Amino acid sequence: MRVHVVDPSAYTPPYDHALCRALGLAGAEVELFTSRFAYGPVAVPEGYERRELFYRAARFAPGSRAQRAVKLAEHVPDMLAYRRAARAADVVHFQWLPVQHVDGHLLPSRQTVSGGRRPLVLTAHDVLPREPRRGQLAAQRRLYDRFDAVVVHSEHGRERLTGELGIASDRVHVIPHGVFAHLADVPQQPPPFQTEQPVVLCFGLMRPYKGIDVLLDAWRGIEHAELWIAGMPRMDISHLRAIAPPNVRFVPRFITDSELPAYFQRAELVVLPYREIDQSGVLFTALAFGKPLLLSDVGGFPEVAATGAARLVSAGDPTALRETLQELLGDPAALAAMAARAREAAQGEYGWGTIAKRTLDLYGSLLGENPAR
């Protein structure tokens, strides 16, 4: 089976690599169509081919006006170029569509040159817009209707698409997000900071919905531990830095794949106090390192907590977050038990062997190889 995985803007290189590698190991012939990742090197392809077809002239500072302008100018011709390349695929699986109001008209045909059927699949990493503009939900529904199947990473995501957008339930398929084992498969790294205290890690892009302000409020009064907040800011964090207690360390920049292991290896606990989410790549990075998690009770997080690898607190409640942080930091046995459950989950339902099989089963059903959908 010839599979094309498409992520034009290279939004999620670790996920793209893990999925393509797993599909290749399971016997598919896989090509990843993407662009150069602007923030550093990415994993070397294993069992698949990587094609940087998109945005080849957009080599300006990441996020700059010049980069955005060149990418926008290149987008339509690059999507049309990929449309021609897609003729060689049996299945086309998009991970992201960067210009959704245009991209629905630029997708590859569902018909092959020989007259066969080429299914189109989309993974809805962000199930719905967090603050939809007028008409945006209707536009997203029209976009989803152009695909034969939409993959979501949680039952919560499935319920949103079927309930809020009215997408037919037989077109929405829950396939879990997998752990990023390739990031954890490295020797022990020196920690970014020297401390004898337990470390709680909040990792990833800094955005308003991530609840970092709630975490800092909750951290007041917690002593004999350090909180590390690491990741690229996508908002003004000056207020957060001003209110942070002394035992908080900020690393406000992109953390490369080669640096990332040192943060997770050193952490005793990973905390994600999000106000809203479906699923999180940071969560599945933590599971890959066998780390216990403290999560808000939002989106698909309760589904992961059901494995025993995580504890839940009410979103936006700093008092509950503080009490649970203090409880867990004072109970090494509880953290050890959660870490064991994290390792089990990483090797079981969130392992890529299982996920690749479910994904290939979906492709096969769409191609008519398995009539049961």
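The second largest cavity in this predicted model has a lining of eight nonpolar residues, one polar and one charged. That cavity holds about 50 Å³ of space.

**The largest cavity**
- Here the volume comes to about 80 Å³.
- The residues around the largest cavity are P13, P14, D16, H17, L32, T34, V42, A43, Y48, R50, H182 and D257.
- Sort that lining by class and you get six nonpolar, three polar and three charged residues.
- Helix α1 (13-25) and strand β2 (29-34) each put in at least two lining residues.
- Of the elements involved, α1 provides the largest share, with four residues.

**How α1 packs against α14**
- Helix α1 also packs against helix α14 (residues 352-367), with the two axes 9 Å apart and an angle of about 75°.
- Angles of 65 to 115 degrees count as roughly perpendicular, so α1 and α14 sit roughly perpendicular to each other.
- On the α1 side, the contact uses Y15, A18, L19, A22 and L23, and on the α14 side W352, A356, T359, L360 and Y363.
- By class, this contact has nine nonpolar residues, one polar and no charged ones.

- As background, most residues other than glycine have a negative phi.
- You'll find Y55 in the loop between β3 (49-52) and α2 (65-85).
- Y55 counts as buried because its relative accessibility is 8%, and the cut-off for buried is under 20%.
- H224 has a positive phi too, near 60°.
- H224 belongs to the loop between α7 (212-219) and β9.
- With a relative accessible area of 61%, H224 is exposed, since that label applies over 50%.

Technical notes. Residues are numbered from 1 along each chain as its sequence is written. This is a predicted model: local features need pLDDT of at least 70, side-chain atom pairs count only at pLDDT 80 or more; totals for chains, interfaces and linings use all residues. Side-chain values use heavy atoms; hydrogens and water are left out. On a 1 Å grid over the protein atoms alone, a cavity is a set of points where a 1.4 Å probe fits but cannot get out, and a pocket is an open set with protein on both sides within 12 Å along at least five of seven lines; lining residues have an atom within 4 Å of a point. Grid points are joined across faces, edges and corners, and a volume is the space filled by probe spheres set on the points. Ala, Val, Leu, Ile, Met, Phe, Trp, Tyr, Cys and Pro count as nonpolar, Asp, Glu, Lys and Arg as charged, and the others, Gly among them, as polar. Axes are lines fitted to C-alpha atoms, for helices over the stretch in contact, and angles run from 0 to 180 degrees between N-to-C directions. Angles under 35 degrees count as roughly parallel, over 145 as roughly antiparallel, 65 to 115 as roughly perpendicular and the rest as oblique. Contact means heavy atoms within 4.5 Å. Buried means under 20% relative accessible area, exposed over 50%, partly exposed in between (1.4 Å probe, protein chains only).
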